[in-house]
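Have the viewer open and follow along.

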Amino acid sequence: MKLVIAIIKPSRLEEVRQALNALDVHGMTVTEVKGYGRQKGHSEIYRGTEYAVHFLPKLKIEIAVEDGQSDPIVAAIRDSAQTGRIGDGKIFVLDLVAVTRIRTGETGAAAL
Amino acid sequence: MNVKKLLPLVGLAGLGGLAVLAATLPSLAQDASSALSSASSAAADATAAAPAAAAAPSPINSGDTAWMLTSMALVLMMTIPGLGLFYGGMVRKKNVLATVMQSFAITCIVTVLWFAVGYSAAFTNNDPGAPGAIIGSFAHMFFAGIGPNSVNGLAGTIPENVFSAFQMTFAIITPALICGAFAERMKFSAMIIFMAAWLLLVYVPIAHWVWGGGFLGGLGVLDFAGGTVVHINAGVAGLVCALVLGKRKGFGTTNMAPHNLVLTFIGAGLLWVGWFGFNAGSAVAANGLAGAAMMNTQVATAAAALAWMFVEWMVVKKPSVLGILSGAVAGLVAVTPASGFVNVTGAFVIGIVAGAVCYWAAAHLKRMLGYDDSLDAFGVHGIGGIVGALLTGVFADASVNGHAGALFGNPGQVVTQLEGIAVTIVWTAVVSWIILMVTKALVGLRPSEQEEEEGLDITQHGESVAE
């Protein structure tokens, strides 16, 4: 099993959700996060005082999937979240060791 | 330490004590005050110049009274919620409740003190024939002798209870303006003590000197609605507070950006609308002079807002929301002393100058001199007030209200204005400093560094705004 973690621009969430829905991905967790990569931050000026805002708002999407599914999911997120401008985000794929569905106690792929 | 723990008890006991005094004093002074009020209504009759042969007609004009009742409510709205929101949006989220609390608590404290002694000392005189140059009378404490049938000679066509309520709202907003200078770093207990003392020792005397029959009005200082009494006074007191308290922890290194400029937008809008009560209400009548003040206020405010916006757009490449809102307030401040003396062209020029100069004061002067005037109480109210008071001496047009400035052949008026400005600055600076020192000795001025870092909402008031 794999855990796909995608950091995307907040404005792209609906596109990503639709693309994943088309791949029959019916569950995800979305978190509002802040961070920076190559985009760095931006500056804001209030009455002549300039503040550097290093951490920009992004969304973190987490999806747990079976081994073979991660590649098409990564591709779908990449295509739907891309604007071509700096700050589009990143996608990470991690090995997932165990899953338990709390309601039934099922474990492994059956719990996905 | 002990004083701080005692403060709520002292406050409650003080309220109770004032209630006892209020119940006993006026009845003792009843005879004297009724004589006084008839004397002052006689004076009002003379100024109203509406003699009727047989039954002496009431000097009360219902149109004037209706407008002044409205103006009182408009000016109160400037502080709560106007100024509270204007300032509240500009602080960090951890301090927003503490900031709106300051405006609200000051409203309550000043109301009580104005009733107890402030109005009497600022706006009444023992003998209407010989006004006190330094301080008014104490015969009208607890509004003794002031009611629906008494009239103050300063406002001859409205009941004195309406006049005293209208002036009360000015006494409320002036100390509340100071809060912008020490925002995010003053203990609530210290603020209470400072503001109570400041109202009685700074605002009341200066209001008396300029408006209540004191020596500055006698010199011929022109201040229609409070350029010196309200804005220079509060702005300079704010500067003294900023200097004495020192900078906020992390000033210059941490992000202190406003947390919600929509609140500031609402506050600035309420201030602008409320200001018609402030300026047009200062005609103390529903007449053409009030109309002149209203139009001057509108035009100067728009001009200043645009001036600030365009200057900032030029300098830092973006026309900011905070900029246009700040410019509007700078224009409102600057036109305040001028609103009933200048023509609309004069108001327009005053607005443009105020918008540009106050931008410079908030964005550059502050950095050059290195003080932390958190929300620019000095930069906008102090500097804007000085600009307005000076330019009133330049642009006053005798065809508006009988007083000419430098442009209309009376250059001496500028000198008179400077005298008014200088006296106000010296008095408010020195006395504010003394009050701060006494307050510091009693309870300390600032919360601990850790409390300041956690935020005043949770450490001073035990509350926070939800995410």
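At what angle do helix α9 of chain B and helix α10 of chain B pack, and how many Å apart are their axes? Keep in mind that this is a predicted model. In it, α9(B), residues 261-279, and α10(B), residues 288-316, pack at about 145°, and their axes are 9 Å apart. On the α9(B) side, the contact is built from Trp272(B), Trp275(B), Phe276(B) and Asn279(B), while α10(B) brings Ala293(B), Met294(B), Thr297(B) and Thr301(B). Sort those by class and you get 5 nonpolar and 3 polar residues, with no charged ones. As for handedness, α9(B) and α10(B) cross in the right-handed sense.

Now slide along chain B to another pair of helices. Helix α11 (residues 321-335) of chain B packs against helix α12 (residues 344-369) of chain B at about 125°, with the axes 8 Å apart. Why call this pair oblique? Angles over 145 degrees would count as roughly antiparallel and 65 to 115 as roughly perpendicular, with oblique covering the rest, so the angle found here makes α11(B) oblique to α12(B). The crossing of α11(B) and α12(B) is right-handed.

Zoom in on who meets whom. From α11(B) come Ser326(B), Gly327(B), Ala330(B), Gly331(B), Val333(B), Ala334(B) and Val335(B), and they meet Ala347(B), Ile350(B), Gly351(B), Ala354(B), Gly355(B), Cys358(B), Tyr359(B) and Ala362(B) of α12(B). By class, that's 10 nonpolar and 5 polar residues, and again no charged ones show up.

The largest one has 157 residues, and the members that touch the most others are Leu271(B), Ala304(B), Trp308(B), Ile350(B), Ala354(B) and Cys358(B). The top contributor to this core is helix α6 (residues 188-210) of chain B, with 16 residues. Pick Ala304(B) and look past its neighbours within four places in sequence: its contacts include Gly327(B), Ala330(B) and Gly331(B), plus Gly351(B), Ala354(B) and Gly355(B). There's also a second, separate core of 12 residues, with Ala6(A), Leu20(A), Ile61(A) and Ala64(A) among them.

That brings us to where the chains touch. Chain A puts 6 residues into the contact, and chain B puts in 13. On the chain A side, strand β3 (residues 42-46) gives the most, with 3 residues. That side of chain A has 3 nonpolar, 1 polar and 2 charged residues.

How values were computed
Residues are numbered from 1 along each chain as its sequence is written. Chains are lettered from A and ligands numbered from 1 in the order in which they are written. This is a predicted model: local features need pLDDT of at least 70, side-chain atom pairs count only at pLDDT 80 or more; totals for chains, interfaces and linings use all residues. Axes are lines fitted to C-alpha atoms, for helices over the stretch in contact, and angles run from 0 to 180 degrees between N-to-C directions. Helices (H or I, at least four residues) and strands (E, at least two) are DSSP runs, numbered from the N terminus. A crossing is left-handed if the near helix is turned anticlockwise from the far one by less than a right angle, and right-handed if clockwise. Two residues are in contact if their C-beta atoms, placed from the backbone, lie within 7 Å. Ala, Val, Leu, Ile, Met, Phe, Trp, Tyr, Cys and Pro count as nonpolar, Asp, Glu, Lys and Arg as charged, and the others, Gly among them, as polar. Angles under 35 degrees count as roughly parallel, over 145 as roughly antiparallel, 65 to 115 as roughly perpendicular and the rest as oblique. A nonpolar core is a set of buried Ala, Val, Leu, Ile, Met, Phe, Trp, Tyr and Cys residues joined through C-beta atoms within 7 Å. A residue is buried if 20 or more other C-beta atoms lie within 10 Å of its own, exposed if 12 or fewer, and partly exposed in between; C-beta atoms are placed from the backbone.
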